[in-house]
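Dear colleague,

Please find below the structure that I am handing over to you. My notes on what was found in it follow directly after.

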Amino acid sequence: MLDFLSYSFIQQALVIGIALAISAALLSPFLVLNQQAMIADGLAHVSFAGIILGVVLSGEPLWIAIPFVMLASILIKYLSTTKTINGDAAIGLVSSISFAIGLIIVKKGQGFNISIESMLVGNIFTATLTEMYLSLIIMALIGVFVLIFYRKLFVMTYDLNYAKFTKIKVQLIGYTLSALTAFFIVIGVRTIGTLLISALVVFPSVISSQLAKSFKNTLLIGVLSSILIVIMGIFVAHPLEIPVGSTIVVLYAAILVFLLILKPLWRK
Amino acid sequence: MIEYDHVNVLFGKFQALTDVNFRLEKGSFLHIVGPNGSGKTTLVKTLVGLLKPSNGSITIHAPHMGYLPQKLNTKTNLPMTVREVIYSGFKKQKIKPSKEDCELIKSWLERMEIPHLFDESMTHLSGGQQQRVFIIRAIISNPDVLILDEPTSALDPSFREKFYLLLNELHQKYHMTIVHVTHDLTDAVKDDCLVMYVDQTVKFYGSYHDFHAFEHRGHHHA
């Protein structure tokens, strides 16, 4: 039954899936519990434009897309700190403009060998070796970042003013978090898809905060459940020939619904 | 220890604080009072470094400050335990506190009458219990100056009294400098305290005794 595990593209998909699951779940509480869940969705739209721009300008779109989306994330962060535009409006502005530009380039660009559908849905089984290495690199970067700044990120999440008072460098850490999120999103868009990558960031904390009392356990349960769900997603999607990204999101949603129904029962 | 020299704070065209001048010596206990929107919290924010004055200078000689912000600015609906919140009050952010630190936390939890809640989730606590956790966070690292922005707003009256006894103890026994913003002076004050009446500027600064005379001349705090 597990014969398909011997295929190298499945092994590669598992490595990418697990690396992305860990990365997303590590980012999750610091974004979702800080009312920044939509930043992942916004940056996915920006990635769409970034990758298309990359295809037009170079042979390896990621080298254009990664800095492009990182810059956009910094722009969103900057706009949301100005008093005239609030956070979700900043995300809405930057992401819709990028998406619009992306669509125009696709329509007018010459000689595209990239389908919009593959960009929107992604395909983890056709990922390149470079993408696998980049997934591992982003996992390592986010892992080290969260490990070093965990306490500071925690204080920034629950009480930003107190974080500033204790002289935590909230700007620097905040911008780094945004830039790492952007890097993660670009890699994720190619494999999980523009429309679904934000689910990988949003679901872990929403699910784990149903179970955990502490912030630390919210993070850990989020990471463990994400690894399990992504592996399950790949195992289910491959034989059924359905998209992996969609399968993962449906699995996440099923578990969340299950928890939301059960939670009031075990409280009694 | 703290000196304000011609401090002004402007938000756009709105002058929140005008020409604030005062000195606060080490070991003082200062109550800041004033009507709503009078600039009390703005003054506190300049004191704790969250807000830079538009002009003027602020000098503070205190290696370590403790701060209890107004409760409404802190998220309490997150999955986090009392333990995690208290640990975040330590000067150095540490993974595991030392044995002495643990003893200290235990004694404060007992003083605040919440020792059973150490591993409880903040979401399961009442507003008053949450406020006690934030008080411990502010004092756990034994600050030189303790700044409290309306600390009793969420506390029930019976605990409020104990809270002020505790503040007096911190002031007298540990010689902590305390800056306390309040709506209600009556149950807080000892005779040796200082009072500052703020209404966009410092209208009164002096002893509690003299503040009575100031009030009788027709100024009332909210």
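**Helix α9 of chain A**

In α9(A), 13 of the 15 residues are buried, so this helix is largely enclosed by the rest of the structure. A residue counts as buried if 20 or more other C-beta atoms, placed from the backbone, lie within 10 Å of its own. Helices here are DSSP runs of H or I with at least four residues, strands are runs of E with at least two, and both are numbered from the N terminus. Helix α9(A) covers residues 197–211 and bends by about 30° at Phe203(A), with a proline, Pro204(A), following within four residues. The bend is the angle between axes fitted to the seven residues ending at a position and the seven starting there.

This is a predicted model, in which local features need pLDDT of at least 70 and side-chain atom pairs count only at pLDDT 80 or more, while totals for chains, interfaces and linings use all residues. Residues are numbered from 1 along each chain as its sequence is written, and chains are lettered from A and ligands numbered from 1 in the order in which they are written.

**A helix pair in chain A**

The axes of α3(A) (residues 62–81) and α4(A) (residues 87–108) come within 8 Å and cross at roughly 145°. Axes are lines fitted to C-alpha atoms, for helices over the stretch in contact, and angles run from 0 to 180 degrees between N-to-C directions. Among the residues making the contact are Leu75(A) and Leu79(A) of α3(A), and Ile91(A) and Val94(A) of α4(A). Contact requires C-beta atoms, placed from the backbone, within 7 Å.

**The sheet of chain B**

Six strands of chain B form an open sheet of mixed pairing, in the order β5-β6-β7-β3-β8-β9. Strands pair if DSSP finds at least two bridges between them. At the edges stand β5(B) (65–68) and β9(B) (202–207), each with a single partner strand, so one side of each is left without a neighbour in the sheet. Strand β8(B) (residues 194–198) pairs with β9(B) in the antiparallel sense over five bridges, and Met196(B) stands opposite Tyr205(B) of β9(B). Helix α4(B) (residues 127–139) packs on the sheet, touching β5(B) and β6(B), and its direction makes about 165° with that of β5(B). Helix α6(B) (residues 208–216) lies across β8(B) and β9(B), at about 140° to β9(B).

**Between the chains**

The contact takes 17 residues from chain A and 16 residues from chain B. On the chain A side, α6(A) gives the largest share, five residues.

With kind regards

Terms used:
Contact = placed C-beta atoms within 7 Å. Buried ≥ 20, exposed ≤ 12 C-beta atoms within 10 Å, placed from the backbone.
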